[in-house]
Amino acid sequence: SDVSSRGPVELFQCTKGREASGFATCTSQGKGTHGVHRTLKIRAMSSSCMSISGLFRNKDSLRRLAVCLNALHGHSGARMRCDRRSWLQRFGAFGRAEQVLAAFTRRCCPQIVTATLCTTSDSRDTTSWLWSIYNETKRQTEDLIPIISSNFVNPDTIFANNEMSLQDIEIYGFDYDYTLAFYSRHLHTLIFNIARDILIQQHRYPEGLREYDYMPDFVIRGLHYDVQKALLMKIDAFHYIQLGTVYRGLHPVSEEEVVALYEGSHVPLENMSDFYGKSSHGHAMKQYMDIFSLPEMTLLCCVNDYFMKHNIDYEPVHLYKDVKEAIGHVHVKGILYRAVEADIEKYICYGEHTHNVLKKLKENEKKMFLITNSPFEFVDRGEMYELFIRLRDRTGRTDLFDVVIVQADKPSFFNDRRKPFRQLTDKGVLLWDRIHCLEKGQIYKQGNLYEFLRLTGWRGSKVLYFGDHIYSDLADLTLKHGWRTGAIIPELRKEIKIMNTEQYAHTLTWLQSLTCLVEHMQVHRDPASEAVVQEWIKEREGMRLQTKNIFNAQFGSLFRTYHNPTYFSRRLGRFADIYMASLSCLLRYDLQHTFFPRRNPLQHEAPFWPEQTSAGAMEIPFQDTRTQVTSEKTLEEP
């Protein structure tokens, strides 16, 4: 209705037999409307402060949200007539979402909610109005924190990128390192120290490097390293550098310098790492996707820091290659494996749950195989402690695995047809016999996937393979061979525990609410209003930094660059059907279970229905209310 003639506006009307006026017609055109004070009398909250499903937990919150949305949108169009049609044209999918929201509200709170709105040509009144909206939204955010915090995510959940049923899986395959076997932090310290000493002793690097110790919390997986510029950084799914996460040595690089070096913050496709994350064939970037790469990144940063601190002129490309070679020697020449074998209890973590998973699969008559890059001796010794079994029993046959392949040289194993399998004796001696079949109880070295498929017949979507390296373990299998893939992401457990804290819930909820305020109030172009919005933007930037630091002070979350997914997340979503913190998560599910991905709305889609959550991931205290609402035969359109 015309506020100039009718005074208080009935913004949201919910009656049992009438249609809600959730899209109130409002106007401020004509001379008579200028300077008219309309005070806002609502308990406001941001539209992004709470998910639609969360609104069912609290009827008052649902009602207040609907009122606030109409108030925000009505006021943001203060200089145009906003009837229902023009409002929908302006706000598109958000309008359709509010139609559904209004229909839900008719069932949850069938009462009349009125409010009056205030605009004026006086900048002081406009400023006061904006801050009143801000304060009300912030207060409502505080009220919602206990509700939001109660909906924690179970860290043992298996999350789906693609629909997959375990009922269809007949064969299970596994990588070894960080899939079947998990290692303590002592292992990364060991790798760092050995590689640092190799640089000093074999490559004649300064003795002063011994001053640097391994820093377990400095870097995260998935980072990119610019080989020529010696910069370590995090890049999002759209190839944009997350400013504030670029490091030269142990010190951050200013945003201004990053923008100057890259002529912006975008990294062109031709400069990104190759398909496997490597800096080859002209690619300037190297992406570190392996958990074993954490010591390598840390060592690169430490050596860069030493050279800069002592004003030593050096070539970044040579440094990168030397560190890469030193790390390679630790693995390839067996230095690491011998050190671990000498003190297994210190480096390999207890693995009763892993053994229970394998036992469960065997009891259900599933085929199992192991394909690892680790040598036989290391796997065998690790199996004794990790799984409480030897790889071989007294009869010389493997207890759990139908096929065991060591030193497979992945990812070449999946692409190079030239390497044949070789059989190993129980002493690790290579035989020269031609391999005509892969027998249970025997150990094989190298080979290639094409020969593996021919000898076993294990093809297509009946095979599920687990690994921790998204490129080396999973990419080729899902793209070229149609296997189902499961990614083991140990960092997931820590990040979920952080997200389950009240501090994170509070920060993120207010960040989303504040973003919504900025989005809707930016239409006010008078200087006073713009100054208020700029203050909000400044506060938002500070909160974005806070949400980053809560995961890692230097690089933030493995999965997010502020609001966008990381490049790591993008590849994870493409190459892994499911992902989880550890293999033990399978114990929560029976082998008939189907994993469904959430149907998250695309940007142009309205979030009509409560979001789906992975099975067992969320506590749902609003189950009764949801059942009552969805049991109705039809959902009226407003």
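**Note on the aromatic contacts**

1. In this predicted model, ring pairs join Tyr 205, Tyr 212, Tyr 306, Phe 307 and Tyr 314 into a cluster. Across the structure the number of aromatic pairs comes to 34, and two of these pairs, one formed by Tyr 178 with Phe 182 and one by Tyr 183 with Phe 292, are set out in the points that follow.

2. For Tyr 178 and Phe 182 the ring centres lie 6.2 Å apart and the planes meet at 90°, and because planes over 60 degrees apart count as edge-to-face, the pair is assigned to that class. Both residues, Tyr 178 as well as Phe 182, are buried.

3. Tyr 183 and Phe 292 make a tilted pair, with 6.0 Å from centre to centre and 45° between the planes. This pair links distant parts of the chain, since its two members are 109 residues apart: Tyr 183 belongs to the loop between strand E5 (171-174) and helix H7 (185-202), whereas Phe 292 belongs to the loop between strand E10 (285-287) and helix H9 (294-309).

4. As to the accessibility of that pair, Tyr 183 has a relative accessibility of 8% and therefore counts as buried, while Phe 292, with a relative accessible area of 11%, is buried too; the cut-off for this term is under 20%.

Note on methods:
Residues are numbered from 1 along each chain as its sequence is written. This is a predicted model: local features need pLDDT of at least 70, side-chain atom pairs count only at pLDDT 80 or more; totals for chains, interfaces and linings use all residues. Side-chain values use heavy atoms; hydrogens and water are left out. Rings of Phe, Tyr and Trp (its six-membered ring) pair if their centres lie within 6.5 Å; planes under 30 degrees apart count as stacked, over 60 as edge-to-face and the rest as tilted. Buried means under 20% relative accessible area, exposed over 50%, partly exposed in between (1.4 Å probe, protein chains only). Helices (H or I, at least four residues) and strands (E, at least two) are DSSP runs, numbered from the N terminus.
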